[in-house]
Amino acid sequence: MRRMREAAQLSQAAVATRLGCTQTQVSRLESATRTPSKSDAERLDRLFGGEGTTYFAGLRRRIVARPSGPIWFEGWTEEIEPTAVVLRSWDPLLIPGLLQTEAYARQLFSRAPRAVPEDVEKRVEARLRRRKILDAQNPPSVLVLFDAGVLRRRVGGSEVMSEQLGYLLEVAERPNVTIQVVDPDCLAGLAGAFMIAELPHGQPDVIHADSPVQGQITSEHEFVASIRNRYEAVRAWAYPEHVSLK
């Protein structure tokens, strides 16, 4: 990738603009410390090879995804979340992954179609590692919205739910975490879960929009603006924090 970029006389910043990501992400792609997403590979093929080229797409397919999670999600958990100054999230169905307990996450992963116990445990471990950013020396502000029905959706037995809700109350005491429950009559967020990461040093915001097949991670202005507007529409239906905790 670096060889092709230099041959095309493009800077990392110029490639980042075309990929819809940050210059840091391009640098990590070139140094092989970041796994390219499918859209990354397709855009690189168009950028350096033109229509019909599948060099980077084929290279990506030969990279074996780690069983700890989907390959497309690694860039978010390893690069975006740890560097964000503000994380905003919305989930209409579940407790957000960043705030899930071990038992809650294990129930979700173990109920997936054709779940393999070894892979389930690796995915649980990966999910719990995400929570380390909450204990960082300078943690991000975490602003969480989820539908009121999430509180009543039984994931596992009563003990699992009791522990999960107890953890939400515990983590909500942190000054950098805000949890708000959204009125079930809100329809603006039914399209699906998403997260918005506000990055430091004037870097563009990055969004992760959920999907059953493959989530989308991008900093393209059009998509970020759309998700931000949807977030504000959902937030307008949120109960105040003290009401949510009650």
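Mentor: One term before we start. Helix axes here are lines fitted to C-alpha atoms over the stretch in contact, and angles run from 0 to 180 degrees between N-to-C directions. Also, this is a predicted model.

Trainee: OK. At what angle do H7 and H9 pack?
Mentor: About 130 degrees, with the axes 8 Å apart. H7 covers residues 102–110 and H9 covers 158–171.

Trainee: So what do we call that, oblique or roughly antiparallel?
Mentor: H7 is oblique to H9, because roughly antiparallel needs an angle over 145 degrees.

Trainee: Which residues make the contact?
Mentor: From H7, Ala103, Tyr104 and Gln107. H9 brings Val160, Met161, Glu163 and Gln164. By class, four are nonpolar, two polar and one charged.

Trainee: Switching to the sheet. What's the strand order?
Mentor: E3-E2-E1-E4-E5-E6. The sheet is open, with mixed pairing.

Trainee: Which strands sit at the edges?
Mentor: E3 (177–182) and E6 (216–218). Each pairs on one side only. Neighbouring strands are turned by 10 degrees against each other on average, ignoring direction.

Trainee: And E1 with E4, how many bridges?
Mentor: Five, and the two strands run antiparallel. Take Arg88: its bridge partner in E4 is Ile196.

Trainee: Cysteines next. How many disulfides?
Mentor: Zero, searching the whole structure.

Trainee: Is Cys21 buried or exposed?
Mentor: Buried, because its relative accessibility is 10% and the cut-off is under 20%. Cys186 is buried too, at 2%.

Conventions:
Residues numbered from 1 in each chain as written. Predicted model: local features only at pLDDT ≥ 70, side-chain atom pairs only at ≥ 80, totals over all residues. Heavy atoms only, no water. Pairing = 2+ DSSP bridges. Helix = DSSP H or I, 4+ residues; strand = E, 2+ residues; numbered from the N terminus. Parallel < 35°, antiparallel > 145°, perpendicular 65-115°, else oblique. Contact = heavy atoms within 4.5 Å. Nonpolar A, V, L, I, M, F, W, Y, C, P; charged D, E, K, R; others polar. Disulfide = S-S within 2.5 Å. Buried < 20%, exposed > 50% of the residue type's maximum accessible area, 1.4 Å probe, protein only.
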